[in-house]
Amino acid sequence: MITIYIYERKITAALFLFLLFAAVNADAQCLVPQNLSTSNVTSTGARLNWASTTADSFLVRYNQAGSTVYFYKTVKPGTSTNTTISGLYPNITYQWQVRTWCNRGISGAYQTTPASINTLNQSDA
């Protein structure tokens, strides 16, 4: 009888640890924002949009297409679905991505494929 009791106790403890591990890992996952789009494009800036995603905040990164030099912008609050960037050069293609920050500093991934911005010529703006 004692052996069965200890055996059941071990199973209960193992199940508890498994469920605890699963719950912690589920909380740790930050979602990747979807449906990236660009609007209000000018010769020097643009509005970057994404679908509503649960997060504490967002980190946008952008660069000139083909460059490995990135610029970053933190976006708060976590309910944001867009931000505006400025200081871009006219008639240049830029790429951008956005990631989530959630659960006390854990970050989500960037999109596999960045969205593009083609800034306008100064004469078109």
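Biologist: Which hand does the link of Cys30 and Cys102 have?
Modeller: The link of Cys30 and Cys102 is left-handed, with -110° about the S-S bond. The sulfur atoms sit 1.7 Å apart. A disulfide here is a pair of cysteine sulfur atoms within 2.5 Å.

Biologist: Where in the chain do those two cysteines lie?
Modeller: The pair links distant parts of the chain, 72 residues apart. Cys30 is in the loop between α1 (2-28) and β1 (37-39), and Cys102 is in strand β6 (residues 93-102). Helices (H or I, at least four residues) and strands (E, at least two) are DSSP runs, numbered from the N terminus.

Biologist: Ground rules, please.
Modeller: This is a predicted model: local features need pLDDT of at least 70, side-chain atom pairs count only at pLDDT 80 or more, and totals for chains, interfaces and linings use all residues. Residues are numbered from 1 along each chain as its sequence is written, and side-chain values use heavy atoms, leaving out hydrogens and water.

Biologist: What pLDDT does the protein chain average?
Modeller: The average is 85, and 76% of the residues score at least 70. pLDDT is the predictor's confidence in each residue, from 0 to 100.

Biologist: Where does pLDDT stay under 50?
Modeller: Over residues 19-27. For that stretch, the model has one contact beyond four places in sequence. Contact means heavy atoms within 4.5 Å.

Biologist: How many helices and strands does the protein chain have?
Modeller: One helix and eight strands. Along the sequence, the pattern is α-β-β-β-β-β-β-β-β.

Biologist: Which residues of the largest nonpolar core touch the most other members?
Modeller: Trp50, Val60, Trp96 and Ile117, out of 15 residues in that core. β2 (45-49), β3 (57-64), β6 and β8 (115-118) each give two or more residues to this core. A nonpolar core is a set of buried Ala, Val, Leu, Ile, Met, Phe, Trp, Tyr and Cys residues joined through side-chain atoms within 4.5 Å.

Biologist: What does Ile117 touch?
Modeller: Not counting residues up to four places away in sequence, the list for Ile117 includes Thr38, Leu48, Ile85, Tyr94 and Trp96.

Biologist: What share of the protein chain counts as buried?
Modeller: 29% of the 125 residues.

Notes. Buried means under 20% relative accessible area, exposed over 50%, partly exposed in between (1.4 Å probe, protein chains only).
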